[in-house]
Amino acid sequence: MLETVIKRDRDLGTPARGTQADACLVTLTIDGQEISVPEGTSVMRAAAEAGINIPKLCATDSLEPFGSCRLCLVQIDGRRGYPASCTTPVEDGMVVYTETPKLHDLRRGVMELYISDHPLDCLTCPANGDCELQDMAGVVGLRAVRYGYDGANHLKDKTDASNPYFSYDPSKCIVCNRCVRACEETQGTFALTISGKGFASRVTAGQNQSFLESDCVSCGACVQACPTSTLQEKSVIMMGQAEHSVITTCAYCGVGCGFKAEMKGQEVVRMVPWKDGQANRGHACVKGRFAWGYTTHKERVLNPMIRKNITDPWREVSWEEAIAYTASEFRRLQATYGRDSIGGITSSRCTNEETWLVQKLVRAAFGTNNVDTCARVCHSPTGYGLKQTLGESAGTQTFDSVMHTDVVVLMGANPSSAHPVFASRLKRRLRQGARLIVIDPRRIELVNSPHIKADYHLPVRPGTNVALLTALAHVIVTENLVAEDFVAQRCEAKAFNEWRDFVARPENSPEATADITGVPAADVRGAARLYATGGNGSIYYGLGVTEHSQGSTAVMAIANLAMATGNIGREGVGVNPLRGQNNVQGSCDMGSFPHELPGYRHVSDNAARAQFEADWGVTLQPEPGLRIPNMFEAALGGSFKGLYCQGEDIVQSDPNTQHVAASLAAMECIVVQDLFLNETAKYAHVFLPGSSFLEKDGTFTNAERRISRVRKVMEPRNGMADWEITVALSNALGYPMNYTHPSEIMDEIARLTPTFTGVTYAKLDQMGSLQWPCNEAAPDGTPIMHIDEFVRGKGKFMITKYIPSDERSTRKFPLLLTTGRILSQYNVGAQTRRTHNVAWHSEDVLETHPQDAEDRGVSEGDWVGVQSRSGETVLRATLTDRVQPGVVYTTFHFPESGANVVTTDNSDWATNCPEYKVTAVQVMRVSQPSEWQRQWSRFADIQHKLLRERTRETDAALVSK
Ligand code: SF4
Ligand code: SF4
Ligand code: SF4
Ligand code: FES
């Protein structure tokens with residue numbers, strides 16, 4: 001997986017049409033060689049598969065052929081002229097010649113025309129060595145340009161450098177249209193066109209705008225598709241071509257895109273989406289492709305630091321001292337306040353191996369089950385809801401499966417922002433004709449975007465998902481749309497009958513629930529009929545489903561719908577939670593919850609515990625430990641005193657910020673392991689510098705249960721990988737851990753986790769990635785789950801009674817606030833705020849319906865106070881009818897916005913997942929920051945000063961040496 005020389009991926013010219021195994025084959029002869037390929041294959045691709053490379057410029061195998069450059073001409077027996085091989089499909093018995101003197105002449109002529117209007121600056125061009133035009137000039141044997149270089153040309157056209165990551169230099173453009181097609185076909189944004197005709201034709205972004213001003217979302221697909229240096233990464237312009245590459249996995253969202261990190265020594269030159277990446281198939285978004293600058297940002301803290309009180313300046317210490325101090329503090333706390341007075345939080349951003357070690361440290365070295373993870377605050381209801389109904393707490397499909405779906409239900413998820421590469425695949429399927437039902441309080445982009453229009457948008461009132469889902473089920477049952485055979489064969493009859501009776505009740509009808517959900521009954525009926533009868537029906541959902549007081553109930557209601565319609569257990573269907581962070585799935589699998597050992601086995605399960613005890617040589621506690629909210633309560637109550645927090649900024653990400661901050665302030669030893677002095681670290685006593693994904697080996701597990709390798713492309717700048725820090729801490733605590741490489745941790749994971757039995761680094765290298773379960777029954781992994789039977793045997797329908805949230809609009813708080821993400825930023829923003837992505841989103845704003853704004857005298861850009869029963873913050877308002885009247889929306893990427901100062905500690909009844917998506921608020925025009933913001937600003941200033949003083953101490957020490 002390490003390439004010592006950068007090789008361009010082999011390009012077969014046009015996309016594959018089926019496989020040798022499943023397609024009807026056609027046999028033809030190319031340059032005397034007989035070859036059989038699937039029907040519909042182009043002559044160009046057939047030749048490439050026979051090892052014959054026909055010259056080309058406008059064709060590439062990630063895009064449909066276009067036939068504009070005329071370089072790929074061939075001769076075919078019985079055909080007049082010289083057809084373009086990229087647009088000519090193979091035929092049985094066809095005889096093709098790719099190299100004849102006439103073809104050579106024609107191709108040279110084409111190249112002469114291109115080169116006569118192209119700068120001859122190859123030696124100083126950033127694409128030198130990676131330019132298809134340059135290559136083709138060589139391939140066709142171009143030796144002279146008969147027309148000279150003095151005719152009309154584009155050589156003085158101005159470069160558009162507005163995008164922070166790539167530039168567009170039209171003087172180098174050969175108008176091959178690859179960028180336009182990439183934006184349409186691969187990305188689905190349609191931001192580019194070729195404007196003008198003939199000689200005047202050129203690539204235009206948006207309505208003749210700069211790239212930055214246009215609809216371009218900076219995914220980079222056009223840059224990757226461009227065969228010249230016209231669209232070029234600025235990092236390549238600055239640094240030149242890379243010299244080696246390493247395959248690794250993106251550390252942002254749950255899509256888990258594979259990348260080739262192209263390197264020069266220890267520096268990244270560019271990240272190129274891996275063509276063989278099974279999650280992303282060569283595509284990426286602005287975060288994974290471009291937003292990696294944070295890894296070398298000057299604000300990274302690279303040396304360990306300790307302090308007695310959070311009002312003290314930080315003292316930089318050696319790793320040995322930091323680890324010894326942490327261990328002695330944790331032991332002191334346990335000796336004084338009891339074994340359960342400390343705990344740990346694992347991170348969904350860290351690798352499986354790192355997460356495994358943290359939960360092992362807590363259970364084996366701390367001797368408690370006080371371990372939890374940030375999945376608590378996002379997808380814990382998915383784990384619970386799917387386990388109850390289907391028997392396995394994970395999504396059922398691959399991302400590729402969406403290409404076989406006929407009807408998509410997209411609920412509480414905005415993939416164009418949060419899972420962009422999946423969104424591109426989904427859009428492609430929708431453009432092919434699949435139908436779409438969007439259930440979301442906001443009019444998200446997919447409701448109506450270029451060449452896509454949802455059949456139904458059900459703008460559900462926040463907090464009423466369960467009523468809506470049950471109404472959908474009511475229609476399916478009462479209109480006899482149930483897949484009776486599937487249910488009879490695959491599901492528990494008693495539970496189904498009870499469920500059928502329940503959902504059929506009149507109070508669950510769309511008409512009866514319309515006042516609750518705010519969705520017209522006719523739309524609910526239409527959507528239910530479409531999902532139940534439209535062919536393969538798939539459900540994709542996100543945090544808009546889980547982050548509610550009835551999050552687990554809504555997940556079960558979704559599983560009920562899939563079972564009732566037989567939409568589970570094959571390609572194109574299923575229940576698909578779109579996991580937020582890169583390794584949320586993995587952090588749950590690795591036993592991060594206080595009640596579960598790895599592999600979702602309850603800590604009270606004697607047999608499971610015995611297996612771990614034998615392997616780890618310790619006695620484990622049989623009682624569940626504290627969840628994150630319980631840790632906060634216990635801290636305020638005085639019984640919880642110490643926390644090891646790896647890669648998780650709980651002060652910014654958890655609800656009710658003031659409550660979280662007060663809990664942390666009440667503890668005696670908070671240890672934060674992270675890249676930056678984040679909001680949580682401002683309350684810390686020990687700071688252990690973490691390493692970025694580019695600096696470590698391990699694995700991530702994405703939303704499809706796909707385990708992919710993360711590979712070290714540079715040495716850890718802090719001197720230690722995260723897993724090594726946990727190992728050192730465990731050893732200092734007296735519980736020995738001995739690993740020399742993360743692969744040994746994976747061996748232990750496989751030994752102790754039934755769904756990982758067959759996973760090794762060697763197998764991952766061989767297969768590219770693996771979807772669990774991967775064991776004796778499924779040695780190559782399991783792309784689709786529940787095919788013949790559910791993991792729990794029979795599927796179980798669950799009753800989903802709607803219980804209104806306590807959080808509802810009142811006279812005092814008449815609006816409902818809901819929160820979410822934006823494309824260019826990622827969660828608490830610690831990474832993306834430290835990149836050029838701030839060009840697109842530099843502050844969180846409050847989306848407000850124009851009617852609500854007018855009622856309050858609020859205009860575009862005004863400062864508004866947002867007040868709930870938890871607290872108050874101030875944001876700038878933006879007026880939009882994307883939100884419905886009565887609903888306001890914001891993101892939470894900037895600490896000073898304080899979105900979570902306003903959210904409450906209401907939570908899901910089963911899992912304690914916070915109800916981020918429903919907060920009753922009042923909004924009013926204000927002219928100054930809130931009291932919380934003033935306090936936050938003072939505290940942040942003090943903490944930054946204490947950090948700076950640490951720096952000065954170090955510098956002084958260095959000078960005196
Ligand atoms: S970067 Fe992506 S969205 Fe922007 S123009 Fe290129 S392909 Fe389109
Ligand atoms: S910008 Fe690049 S990909 Fe687009 S038309 Fe010009 S040369 Fe082709
Ligand atoms: S879609 Fe997600 S995994 Fe892929 S590049 Fe973007 S952030 Fe990374
Ligand atoms: S590659 Fe076939 S016409 Fe351009």
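**Entry 1, ground rules.** I number residues from 1 along each chain as its sequence is written, and chains are lettered from A and ligands numbered from 1 in the order in which they are written. Because this is a predicted model, local features need pLDDT of at least 70 and side-chain atom pairs count only at pLDDT 80 or more, while totals for chains, interfaces and linings use all residues; side-chain values use heavy atoms, with hydrogens and water left out.

I looked up the secondary structure and found 30 helices and 37 strands, where helices (H or I, at least four residues) and strands (E, at least two) are DSSP runs numbered from the N terminus. The radius of gyration is 29 Å, close to the 30 Å that the globule rule gives for 961 residues, so the chain is as compact as a globular protein of that length; the radius is taken over C-alpha atoms, and the rule is 2.2 Å times the number of residues to the power 0.38. Along the principal axes, the C-alpha atoms fill a box of roughly 90 × 85 × 65 Å. Of the 961 residues, 63% are buried, a term that stands for under 20% relative accessible area, with exposed over 50% and partly exposed in between (1.4 Å probe, protein chains only).

I then traced an open sheet of four strands, which runs in the order β3-β2-β5-β4 with mixed pairing. β3 (33–38) and β4 (75–76) are the edge strands, each with a single partner, so one side of each is left without a neighbour in the sheet. Strand β2 (residues 25–30) pairs with β3 in the antiparallel sense over six bridges, and I note that two strands pair if DSSP finds at least two bridges between them. Within this pair, Leu 28 has Ile 35 of β3 as its bridge partner, and Ile 30 stands opposite Gln 33 in β3. The hairpin of β2 and β3 has two residues between the strands, and Asp 31 takes a positive phi near 45° there.

Which residues of strand β29 (residues 698–701) are buried on each face? I find Gly 698 and Phe 700 on one side and Thr 699 and Thr 701 on the other, all buried, and both faces are therefore covered. In a regular strand the side chains alternate between the two faces of the sheet. β29 pairs with strand β30 (residues 706–710) in the antiparallel sense over four bridges, and the bridge partner of Gly 698 in β30 is Val 710. Four residues lie between the two strands of this hairpin, and Arg 705 in the turn has a positive phi of about 70°.

The residues around ligand 1 include Phe 166, Cys 183, Cys 216, Cys 219 and Cys 222. That shell has nine nonpolar, two polar and no charged residues, where Ala, Val, Leu, Ile, Met, Phe, Trp, Tyr, Cys and Pro count as nonpolar, Asp, Glu, Lys and Arg as charged, and the others, Gly among them, as polar. Ligand 2 is surrounded by 13 residues, the closest being Cys 173, Cys 176, Asn 177, Cys 179 and Cys 226, and its shell divides into nine nonpolar, three polar and one charged.

On a 1 Å grid over the protein atoms alone, a cavity is a set of points where a 1.4 Å probe fits but cannot get out, a pocket is an open set with protein on both sides within 12 Å along at least five of seven lines, and lining residues have an atom within 4 Å of a point. Grid points are joined across faces, edges and corners, and a volume is the space filled by probe spheres set on the points.

The second largest pocket holds about 1100 Å³ of space. Of its 38 lining residues, the closest to the centre are Val 217, Ser 417, Glu 445, Ile 822 and Leu 823. α12 gives the most to this lining, with four residues.

β32 gives the most to the lining of the largest cavity, with three residues.

Methods: Near = heavy atom within 4 Å.
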